[in-house]
Amino acid sequence: MCIRDSGECLLKSGSPGEAVDLLRANLRTEGDAGQVGPLYVLGLALQAEGEVEAAREVLGRVEAARPGYRDTAERLSELSL
């Protein structure tokens with residue numbers, strides 16, 4: 001199971017804080033293009049935790065690395081309100 005799947009499972013089971021911890025501990029500090037999936041899930045988990053600024057920053061990285069990835073643009077728009 002990949003890190004994205006583990007983070008997504010934690011998020012779906014109602015443990016976004018654990019998902020944030022897991023994903024932050026396992027993401028590389030460079031090369032966003034190769035880790036768009038885990039970054040996206042991290043952004044969702046941060047959003048679920050109410051960390052709007054951090055979620056916006058992470059989802060912005062996803063959109064920059066892979067424009068149009070899933071619903072990233074819509075989420076960024078929601079977080080900017």
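Let's start with Tyr-69. Is this residue buried or exposed? Tyr-69 is buried, because its relative accessible area is 15% and the cut-off for buried is under 20%. Keep in mind that this is a predicted model.

Now look at Tyr-40. Tyr-40 is buried too, with a relative accessible area of 2%.

These two residues belong together. A pair of aromatic rings is described by the distance of the centres and the angle of the planes. The count here comes to one aromatic pair. Tyr-40 and Tyr-69 form that pair, with 5.5 Å from centre to centre and 75° between the planes. The pair is edge-to-face, because planes over 60 degrees apart count that way.

Where do the two partners sit in the chain? Tyr-40 is in helix 3, residues 36-48. Tyr-69 is in the loop between helix 4 (52-65) and helix 5 (72-79). They are 29 residues apart, and the pair links distant parts of the chain.

Stay with helix 3. Two packed helices are described by the angle between their axes and the distance between the axes.

The axes of helix 3 and helix 5 come within 12 Å and cross at roughly 30°. That makes the two helices roughly parallel, because angles under 35 degrees count as such. The crossing is left-handed. Which residues meet here? From helix 3 we have Tyr-40, Leu-44 and Gln-47. From helix 5 we have Thr-72, Arg-75, Glu-78 and Leu-79. So note Tyr-40 again: this residue of the aromatic pair also meets helix 5.

Next partner: helix 2. Helix 2 and helix 3 pack at an angle of about 145°, and their axes are 8 Å apart. This crossing is left-handed as well. On the helix 2 side, the contacts come from Pro-16, Ala-19, Val-20, Leu-23 and Arg-24. On the helix 3 side, they come from Pro-38, Val-41, Leu-42, Ala-45, Leu-46 and Ala-48.

Last stop: helix 1, residues 3-12. Which residues are buried there? Gly-7, Glu-8 and Leu-11 are. They lie on the same side of helix 1, because they cover an arc of only 100° around the axis. And what covers them? Helix 2 (16-26) and helix 3 are included in the cover. After helix 1 comes Gly-14, with a positive phi near 85°.

To recap, follow helix 3 on the screen. Helix 3 packs with helix 2, and helix 3 passes helix 5.

Terms used. Residues numbered from 1 in each chain as written. Predicted model: local features only at pLDDT ≥ 70, side-chain atom pairs only at ≥ 80, totals over all residues. Heavy atoms only, no water. Phe/Tyr/Trp six-rings, centres within 6.5 Å; stacked < 30°, edge-to-face > 60°. Helix = DSSP H or I, 4+ residues; strand = E, 2+ residues; numbered from the N terminus. Buried < 20%, exposed > 50% of the residue type's maximum accessible area, 1.4 Å probe, protein only. Arc of directions from axis to C-beta. Contact = heavy atoms within 4.5 Å. Axes fitted to C-alpha atoms, helices over the stretch in contact; angles between N-to-C directions. Parallel < 35°, antiparallel > 145°, perpendicular 65-115°, else oblique. Left-handed = near helix turned anticlockwise from the far one by under 90°.
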